[in-house]
Amino acid sequence: MLPVLLVSIDNTVLNFALPAISTATLPSGVQLLWMVDIYPLVLAGLLVAMGSLGDRIGRRRLLMIGSAGFGVVSVFAAFAPSIEGLIIARAALGFFGAMLMPSTLSLLRSTFVDRDQRRLAIAIWATGFAAGSALGPVVGGILLEHFAWGSVFLIAVPVLLPLLVLAPILVTESRDPHPGRIDLLSIALSLGTMLPIVYGIKSIAEHGVTWITVAPIALGLGLGVWFVRRQLHVPNPMLDMGLFRRGAFSGAVGVNLLSVTALVGCLFFISQHLQLVLGLSPLNAGLVLVPGLAAMIVAGLLIVPIARRVRPSRVVPVALLVSVAGFASIALRGGAIDAFWIGVAFVLLGIGIGAAETVSNELIVATAPADKAGAASAVSETAYELGAVLGTAVLGTILTVSYRAAVLLPDGLSAADRLAAGETLGGAVSVAGHLSPVAGEQLLESARHAFDSGVGLTAWIGVALVLGAAVVALLSLRRAR
């Protein structure tokens with residue numbers, strides 16, 4: 001539970017620290033997105049490799065190595081001297097974080113052999129994500145009100161210390177009894193597939209569609225094809241591509257990918273709307289989302305007895321339709337939405353995604369052989385983290401482009417102030433602080449209106465993504481019991 005709690009706290013806290021980081025370091029819009037995305041990007045690129053490595057050297061051992069490294073780098077991130085240093089630290093956190101998540105889920109697979117017990121265990125494991133997401137805004141809000149933004153990264157230390165002490169005592173080691181050789185080329189290909197694709201998406205947002213911005217996407221897709229072909233032909237593949245021929249496995253992975261993309265993209269703009277548009281403190285903004293995160297925990301636990309009796313092809317789509325209602329309530333109101341309705345919408349999101357994710361994660365683990373649990377679990381986590389990347393890269397980019405197109409800057413700004421205020425809402429808030437009251441208020445009014453002009457569009461995209469996940473579940477999980 002502790003690694004899951006840690007990773008989810010880290011993701012949520014960062015969303016609420018974005019305004020403070022923006023005003024302190026004045027990053028460009030692309031730098032801000034890279035700072036958010038580089039962690040889940042590296043994480044997603046290495047998860048399959050680390051899951052396969054855990055099958056070979058021992059899942060508990062890999063968990064311990066990752067925990068120690070994550071703690072050390074978290075301290076460095078807390079005192080990063082610049083936005084570039086913070087981006088590097090986040091990349092290193094992604095490297096060590098990739099060792100944590102596949103190990104936790106695959107250890108559950110080897111510990112709980114009875115499926116009913118395992119389904120409950122995975123539901124409890126999933127509550128770690130929601131509990132961490134609930135604690136992150138509250139704890140992070142308290143820290144941000146009393147300390148500098150770097151304090152949010154130090155949360156990792158008190159979480160990891162008991163893990164390093166207790167895991168060797170309480171957790172039984174498990175590994176693949178017949179491991180193959182570690183395939184370094186496949187590791188490079190898995191990472192090389194994702195980095196260029198997301199870089200290309202960001203470049204298109206910054207410079208438009210040109211051959212220079214499209215080329216990285218083409219490169220990533222080409223390396224992805226090479227990775228798949230290699231897995232089909234090597235004797236001991238890093239990832240057994242035959243798993244994707246099973247409808248329950250591939251369908252559950254698709255549900256995770258689409259629903260998390262929508263959820264993380266939603267968090268990206270909601271956290272900024274609450275603080276920079278509605279003017280709430282980080283703590284109060286976090287408290288607005290706590291009921292939804294609590295609903296996610298309750299839904300994940302209550303779905304367990306239902307999933308014993310009702311087919312996944314019915315349970316998952318119905319749950320996701322509840323989340324569609326949450327996104328639609330934001331989309332219909334556009335930017336004119338207050339904290340109360342954001343809280344209500346997030347409760348609906350939490351209920352639907354909490355229930356769907358519990359069922360889909362259990363299906364992924366149940367359909368894979370026990371000796372390949374690490375690699376299969378890594379696919380589940382890869383879908384989650386890739387969804388986080390796409391949520392901020394795609395929805396965040398759309399929001400950034402919409403902001404740039406709509407914001408009106410007052411005359412008399414320096415070149416640096418125009419760049420900062422024209423890139424992000426956080427930059428506009430920082431620049432407005434040292435303008436005259438009239439000019440500052442004009443800039444804030446324009447920046448908030450420009451930001452909210454993109455909220456309705458991104459919420460409608462969230463509706464489409466979750467509806468897509470429901471359709472995938474309905475079609476692909478028909479034979480899953």
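Mentor: In this predicted model, there are 5 cavities of 30 Å³ or more. The second largest cavity has a volume of about 110 Å³. Its lining is made up of 12 residues, and those closest to its centre are Gln272, Thr400, Glu423, Thr424 and Leu425. Three helices, α2, α9 and α13, each contribute at least two residues to the lining of this second largest cavity.

The space in the largest pocket comes to about 590 Å³. It is lined by 24 residues, and nearest its centre lie Thr193, Met194, Phe227, Thr382 and Leu386. At least two lining residues of the largest pocket come from each of α2 (29-57), α7 (184-207), α8 (211-233), α9 (247-277) and α13 (373-406).

Serine 67 belongs to helix α3, which covers residues 59-78. Its relative accessible area is 1%, and because buried means under 20%, serine 67 counts as buried. A polar atom of its side chain lies 2.7 Å from the backbone oxygen of leucine 63. When neighbours within four places in sequence are left aside, serine 67 is in contact with Leu100, Leu160, Leu163 and Leu164.

Helix α16 comprises the 17 residues 437-453, which at 1.5 Å a residue should span 24 Å; the C-alpha atoms at its ends are 24 Å apart, so the two values agree. The buried residues of α16 include Ala439, Gly440, Leu443, Leu444 and Ser446. In general, an α-helix has 3.6 residues a turn, so residues three or four places apart point the same way.

Lastly, let us look at the aromatic rings. The structure contains 4 aromatic pairs. In one of them, phenylalanine 95 and phenylalanine 96 have ring centres 5.1 Å apart and planes at 85 degrees, so this pair is edge-to-face. Phenylalanine 95 is partly exposed, at 35% relative accessibility. The rings of phenylalanine 340 and tryptophan 341 are also edge-to-face, because their planes stand at 80 degrees, with centres 5.4 Å apart. Phenylalanine 340 is exposed, at a relative accessible area of 56%, whereas tryptophan 341 is partly exposed at 34% relative accessibility.

Technical notes. Residues numbered from 1 in each chain as written. Predicted model: local features only at pLDDT ≥ 70, side-chain atom pairs only at ≥ 80, totals over all residues. Heavy atoms only, no water. Helix = DSSP H or I, 4+ residues; strand = E, 2+ residues; numbered from the N terminus. Buried < 20%, exposed > 50% of the residue type's maximum accessible area, 1.4 Å probe, protein only. Polar contact = N/O pair within 3.5 Å; in protein donor to acceptor, adjacent residues only side chain to side chain. Contact = heavy atoms within 4.5 Å. Phe/Tyr/Trp six-rings, centres within 6.5 Å; stacked < 30°, edge-to-face > 60°. Expected span 1.5 Å × (residues − 1). 1 Å grid on protein atoms, 1.4 Å probe; cavity = no way out; pocket = protein on both sides within 12 Å on 5 of 7 lines; lining within 4 Å. Points joined across faces, edges and corners; volume = space filled by probe spheres on them.
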